[in-house]
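Look over the sequence and the structure below.

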Amino acid sequence: MPMGISCCAIEMMAFAGPRFDASRFGSEVLRFSPRQSDVMLVAGTTTYKMAKVVRKIYDQMPDPKWVIAMGACTSSGGMYRTYSVVQGIDLFLPVDVYVAGCPPRPDNLLNALMLLQQKVQRGESRGNTPSYIGDFHPTQPVAVT
Amino acid sequence: MDNQSVLERMKSHFGNAILESREFRGELTVVVPKDQIVEVCSFLKNDPELAYDFLSDLCGIDMYTPSKRFGVIYNLLSLKNRHRLRIKIFTEEEDPKVPTMTAIWGTANAHERETYDMFGIVFEGHPDLRRMYMPEDFEHYPLRKDFPLMGIPGSLPLPKK
């Protein structure tokens, strides 16, 4: 679910496009319906007014689901320390991976995607449903290749 | 057409209504009383010599003074004369109501809504005076000087985690 709210979305397009090509890492499909998505990529300054919409879309995604907070504004409010901007989307969403940068390089977002893949492999999700999914037992570490 | 001839033409029609006029770096600013703004603006638009047919911006101001706290500023442009003019009106804090300009310039509709949203200045006669940027149930006016930068805690609810 590409939740491109502001300028980080441009870098997100580069990440999905042919130059940086997210499909090399097994996630080429950007679905524009929350019902077909399992990762929400929140890219951009989230205002209080928009927060309700973001949360509504997140709630419509089927479990298990993950969230990537892309960029400084999404992760912490960034340079917008004002009344209208949420100071980090983790105030109303469970975030799995934070990506630093203003905006982050597409490489950095690819790195976040690979970190998320490791999390998925370990069976972890910070979503509101089971924090461990499948047969995974937390006492047995899984080798990450 | 230069600033001086615009001012003279305005003075010949509204001699007593012009409270103050200033020229700074070639920009003419005229302060008029609130209750005459409709006549002044319709004259400025419809007069064939002046023809300020474009309202390039309308904004509010909070002077944060005991009297005449709020103001509305009209930035006009005459496409015919290639001349810009700034009109200002001021109003009291207890009575932040000014007449609407939507009948004269259609552009004023959105600008007045924005000014209402940010300053709480009520434009009487506006066809659709709703909030523009802030949520409809928000109770404060963010660009007023007494509004804290980080907002009022609890005034903007977040969805539950």
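## Terms and confidence

Two residues are in contact if their C-beta atoms, placed from the backbone, lie within 7 Å. This is a predicted model. The predictor gives the complex an ipTM of 0.74 and a pTM of 0.78. For chain B the mean pLDDT is 89. In that chain, 99% of the residues reach 70 or more.

## Chain A in outline

Chain A holds 4 helices and 4 strands. Along the sequence they follow the pattern β-α-β-α-β-α-β-α. The chain has 145 residues, and 34% of them count as buried. Take the contacts in chain A with a separation of 6 or more: residues 24 or more positions apart account for 74% of them.

Now go through the pairs. β1(A) meets strand β2 (residues 39-43) of chain A in the parallel sense, over 3 bridges. Here A:Gly4 stands opposite A:Ala43 of β2(A). Between β2(A) and β3(A) there are 5 bridges, again in the parallel sense. A:Leu41 stands opposite A:Ile68 in β3(A). β3(A) and β4(A) also run parallel, joined by 3 bridges. A:Ala69 faces A:Tyr98 of β4(A) across this pairing.

How does the chain get from β3(A) to β4(A)? The path goes through helix α3 (residues 71-76) of chain A, and this β-α-β crossover is right-handed. Another right-handed β-α-β unit is made by β2(A), helix α2 (residues 48-60) of chain A and β3(A).

## Strand β3 of chain A

Why is β3(A) largely enclosed by the rest of the structure? Because 5 of its 5 residues are buried. A residue counts as buried here if 20 or more other C-beta atoms lie within 10 Å of its own.

In a regular strand the side chains alternate between the two faces of the sheet. Both faces of β3(A) are covered. On one side sit A:Trp66, A:Ile68 and A:Met70, and on the other A:Val67 and A:Ala69, all buried.

## Where the chains meet

The contact takes 10 residues from chain A and 9 residues from chain B. On the side of chain A that touches chain B, the residues divide into 6 nonpolar, 1 polar and 3 charged.

B:Pro135 is worth a look. This residue lies in the segment after β7 (122-124) of chain B. Leaving aside neighbours within four places in sequence, B:Pro135 is in contact with A:Lys49 and B:Leu156. B:Pro135 and B:Leu156 are 21 residues apart in sequence, and 8.2 Å apart in space, C-alpha to C-alpha. Is B:Pro135 buried, exposed or partly exposed? B:Pro135 has 14 C-beta neighbours inside 10 Å, so it counts as partly exposed.

Terms used:
Residues numbered from 1 in each chain as written. Chains lettered and ligands numbered in written order. Predicted model: local features only at pLDDT ≥ 70, side-chain atom pairs only at ≥ 80, totals over all residues. pLDDT = per-residue confidence, 0-100. Nonpolar A, V, L, I, M, F, W, Y, C, P; charged D, E, K, R; others polar. Helix = DSSP H or I, 4+ residues; strand = E, 2+ residues; numbered from the N terminus. Buried ≥ 20, exposed ≤ 12 C-beta atoms within 10 Å, placed from the backbone. Pairing = 2+ DSSP bridges. Right-handed = clockwise from strand over helix to strand, strands pointing away.
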